[in-house]
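Hi everyone, thanks for making time this morning. I'd like to walk you through one model, so let's bring it up on the screen.

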Amino acid sequence: VRKVKNELKEMKLISYGQITANNEIIISFEVQGKLEKGFSTMKPGTKFKKGQVLFKVNSKEAFYSLSARKSSLTNLILNSLPDIELDYPSERLKWIQFIDGLVPSKMMPELPKFKNNKERLFMTSRNIISEYYNLKSQEARMEKYLFIAPFSGTITDLYAEPGAIANPGAQIAKIAKTGDFEVKVPISINDLETFKNIKNAQFQNPSGKTIAKGQII
């Protein structure tokens, strides 16, 4: 006869799994053009930081088109100034200031507030409002010529080199977020309840040193 002594016992289970990034993104563009490199030469294994420009598509043609439309809007307002001065003399200055802000190298200024509905209808009849929002749409499209890193990570695959033509939807590269990984490990169904009760896990290297902590899902 032996007296029972309750004690904790370790249970070791040997299994093999693969470490993968928890967050991966495939880079592609919505616009077409010549692919250019961003902050550095892009190769698999290249590390980058959040906010850096990884890839860009040549946007000279789109920029010149946007500048030409700004010039067209300027002409529309200039042609309307005599009528504005006649019917809305107090509003003339704000439209002149708006024209001064239509610079090719700067973002579109805010559309001036209308004094009343009559002024708004007048500007609508001169196609000034529709041309303004067409320009805003084209300006927003200019942002699609750049791919800015949404997180810090590493390039895992590269499908196109700078100098190639980027087509809409075509894959350029695959990037993975560093510092946030997932390990898929198969276990026996008999041990499932044990792992359900243990929510946290520690990862050790072959020498027994803890190198990471995680959650069991």
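This is a predicted model: local features need pLDDT of at least 70, side-chain atom pairs count only at pLDDT 80 or more; totals for chains, interfaces and linings use all residues.

Stepping back, how many strands form the open sheet here? There are 4, in the order E2-E9-E7-E4, and the pairing is antiparallel. At the edges we have strand E2 (24–28) and strand E4 (47–48), each of which pairs on one side only.

Now let's move to E7, which spans residues 153–158 and includes Thr154. Is Thr154 buried or exposed? Its relative accessible area is 17%, and the cut-off for buried is under 20%, so Thr154 counts as buried. As for who surrounds this residue, if we set aside neighbours within four places in sequence, Thr154 is in contact with Gly45, Thr46, Lys47, Phe48, Lys174, Ile175, Ala176 and Thr178.

My last stop is the largest pocket, which holds about 1,900 Å³ of space. Its lining is made up of 34 residues, and those nearest the centre are Val185, Phe195, Ala201, Gln202 and Phe203. The elements giving two or more residues to this lining are strand E10 (181–184), helix H5 (192–197), strand E11 (200–204) and strand E12 (210–215). Sorted by class, the lining of the largest pocket has 17 nonpolar, 9 polar and 8 charged residues.

That's my tour, and I'm happy to take questions!

Definitions and conventions
Residues are numbered from 1 along each chain as its sequence is written. Side-chain values use heavy atoms; hydrogens and water are left out. Buried means under 20% relative accessible area, exposed over 50%, partly exposed in between (1.4 Å probe, protein chains only). Contact means heavy atoms within 4.5 Å. Two strands pair if DSSP finds at least two bridges between them. On a 1 Å grid over the protein atoms alone, a cavity is a set of points where a 1.4 Å probe fits but cannot get out, and a pocket is an open set with protein on both sides within 12 Å along at least five of seven lines; lining residues have an atom within 4 Å of a point. Grid points are joined across faces, edges and corners, and a volume is the space filled by probe spheres set on the points. Ala, Val, Leu, Ile, Met, Phe, Trp, Tyr, Cys and Pro count as nonpolar, Asp, Glu, Lys and Arg as charged, and the others, Gly among them, as polar.
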